[in-house]
Amino acid sequence: MTMAVCIGGINQDRTLRLICDPVPGASNRVIASEDAGGVARNVAEILARLGVRVSLVGAVGDDPPGRAVIDETA
């Protein structure tokens with residue numbers, strides 16, 4: 001079986017999407033979402049989905065976003 005070790009970024013991505021056309025100088029409404037991210041984490045997930053045995057090494061904060069990333073990545 002193929003095995004890989006991914007070393008690097010593990011973080012939480014926050015995405016904001018405009019609900020309508022932007023209005024300069026105004027408060028524009030958005031939809032916010034949060035997902036596990038980071039280049040190394042994303043690569044590890046893709047490899048795992050392809051059936052590769054993967055180890056992931058990186059720093060993660062001991063805070064709610066960090067715990068959420070760990071839970072989602074597991």
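Author: Helices (H or I, at least four residues) and strands (E, at least two) are DSSP runs, numbered from the N terminus. Contact, the basis of such packing, means heavy atoms within 4.5 Å. The model is a predicted one, in which local features need pLDDT of at least 70 and side-chain atom pairs count only at pLDDT 80 or more, while totals for chains, interfaces and linings use all residues. Residues are numbered from 1 along each chain as its sequence is written, and side-chain values use heavy atoms, with hydrogens and water left out.

Within α1, which spans residues 39–49, Ala40, Arg41 and Ala44 are buried. These residues share one side of α1 because they cover an arc of only 95° around its axis; the arc is that of the directions from the helix axis to the C-beta atoms. Val39 and Arg49, by contrast, are exposed on the other side of α1. A residue is buried under 20% relative accessible area, exposed over 50%, and partly exposed in between (1.4 Å probe, protein chains only). Just after the helix, Gly51 adopts a positive phi of about 95°.

Once neighbours within four places in sequence are set aside, Arg41 is in contact with Gly9, Ile10, Ala36, Leu56, Val69 and Thr73.

Which residue meets the side chain of Arg41 in a salt bridge? The partner is Glu45, at 2.6 Å from N to O. A salt bridge is a side-chain nitrogen of Lys or Arg within 4 Å of a carboxyl oxygen of Asp or Glu. In general, side chains of opposite charge can pair when their charged atoms come close. Glu45 and Arg41 are 4 residues apart in helix α1, so about one helical turn separates them. Glu45 is partly exposed, because its relative accessible area is 28%.

Glu45 has a further partner in Arg49, with the closest N and O atoms 2.6 Å apart. Here too the two residues lie in α1, 4 residues apart, or about one turn of the helix. Arg49 has 67% relative accessibility and so counts as exposed.

Arg67 is partly exposed, since its relative accessibility is 40%, and Asp62 is exposed, since its relative accessible area is 72%.

With 25% relative accessibility, Pro65 counts as partly exposed. Not counting residues up to four places away in sequence, Pro65 touches Gln12 and Arg14. Pro65 and Ser55 are 10 residues apart in sequence but 21 Å apart in space, C-alpha to C-alpha.

Gln12 itself lies in strand β2 (residues 11–18). Beyond its neighbours within four places in sequence, Gln12 is in contact with Glu34, Asp35, Gly37, Pro65, Ala68 and Val69. The side chain of Gln12 also makes a polar contact with that of Arg14 (3.4 Å). A polar contact is a pair of N or O atoms within 3.5 Å; within protein, one must be able to donate a hydrogen and the other to accept it, and residues adjacent in sequence count only if both atoms are side-chain atoms.
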